[in-house]
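Subject: Structure for you to look at

Hi there,

Here is the structure I promised to pass on.

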Amino acid sequence: MHDVTEGVARYDMAVIITQLINDKYFTLIVGELVPIETPVWQLYIALRKIVDICCAKTIQSECSHLLDQIVAEHNRLYLLLSGSNLKPKFHMLTHYGRLLIKNGPLILTSCIRFEAKHKILKAFANSIPCRINLGHTLANKIQLQMASRYLTMSGLGPFVHFLAQQIKLY
């Protein structure tokens with residue numbers, strides 16, 4: 001999550017959009033006006049391929065070699081077009097092919113669901129005046145909140161409600 005969408009993609013898109021506007025291909029973002037062989041458009045295509053492979057829920061192990069090649073080409077194009085050095089996030093991409101072989105689809109190793117709880121836990125932590133065993137206090141608060149949701153069935157869709165009836169949770 002942090003390496004691609006909040007890291008590399010942010011840097012790439014700044015270079016891509018600036019270059020395309022400077023080359024007068026458009027003043028609004030319209031991809032059909034950009035010739036495919038334009039180097040900056042090739043950088044964009046490489047980024048899209050990286051994101052597609054990283055977000056695939058099922059993928060063949062042979063795609064790890066393809067990902068390595070795309071990342072190498074992407075990093076080469078970024079260096080050429082941006083005129084700056086590679087950031088650490090770009091280096092992290094070079095390991096994704098090996099991680100794909102070792103762990104399977106990369107999207108399944110994402111921490112985005114944990115990040116969703118982070119904001120809630122931060123708000124709870126800021127409202128609790130005592131800092132003694134804060135982790136334990138936050139864990140209890142989250143568990144009580146989830147137990148309350150399950151007992152009241154608030155915010156749970158009909159599918160979960162149907163399963164609860166089948167299993168006789170209440």
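This is a predicted model: local features need pLDDT of at least 70, side-chain atom pairs count only at pLDDT 80 or more; totals for chains, interfaces and linings use all residues.

**H1 against H3**

The axes of H1 and H3 lie 10 Å apart, and the two helices pack at an angle of about 45 degrees. On the H1 side the contact is made by Val8, Tyr11, Asp12 and Val15, and on the H3 side by His74, Tyr78, Leu81 and Ser82. Sorted by class, these residues are 5 nonpolar, 2 polar and 1 charged.

**H3 against H5**

H3 spans residues 63-82 and H5 spans residues 96-103. Their axes come within 8 Å and cross at roughly 165 degrees. Since angles over 145 degrees count as roughly antiparallel, H3 and H5 are therefore roughly antiparallel to each other. The crossing of this pair is right-handed. H3 brings Cys63, Ser64, Leu67 and Asp68 to the contact, while H5 brings Tyr96, Gly97, Leu100 and Ile101. The contact of H3 with H5 divides into 5 nonpolar residues, 2 polar and 1 charged.

Ser64 is worth a click while you are there. This residue sits in helix H3 and, setting aside neighbours within four places in sequence, is in contact with Gly97, Leu100 and Ile101. Why does Ser64 count as buried? Its relative accessibility is 1%, and the cut-off for buried is under 20%.

**The cores**

The largest nonpolar core holds 28 residues, and those with the most contacts inside it are Leu20, Ile50, Leu67, Leu93 and Tyr96. At least two residues of this core come from each of H1 (4-22), H2 (39-55), H3, H4 (88-93) and H5. H2 gives the largest share, 9 residues.

Two of those names have come up already: Leu67 and Tyr96 both take part in the contact of H3 with H5. Leaving out neighbours within four places in sequence, Tyr96 is in contact with Asp3, Val4, Cys54, Leu67 and Leu106.

There is also a second, separate core of 5 residues, with Phe124, Ala125, Leu138 and Ile142 among them.

Best wishes

Definitions and conventions. Residues are numbered from 1 along each chain as its sequence is written. Side-chain values use heavy atoms; hydrogens and water are left out. Axes are lines fitted to C-alpha atoms, for helices over the stretch in contact, and angles run from 0 to 180 degrees between N-to-C directions. Helices (H or I, at least four residues) and strands (E, at least two) are DSSP runs, numbered from the N terminus. Angles under 35 degrees count as roughly parallel, over 145 as roughly antiparallel, 65 to 115 as roughly perpendicular and the rest as oblique. A crossing is left-handed if the near helix is turned anticlockwise from the far one by less than a right angle, and right-handed if clockwise. Contact means heavy atoms within 4.5 Å. Ala, Val, Leu, Ile, Met, Phe, Trp, Tyr, Cys and Pro count as nonpolar, Asp, Glu, Lys and Arg as charged, and the others, Gly among them, as polar. A nonpolar core is a set of buried Ala, Val, Leu, Ile, Met, Phe, Trp, Tyr and Cys residues joined through side-chain atoms within 4.5 Å. Buried means under 20% relative accessible area, exposed over 50%, partly exposed in between (1.4 Å probe, protein chains only).
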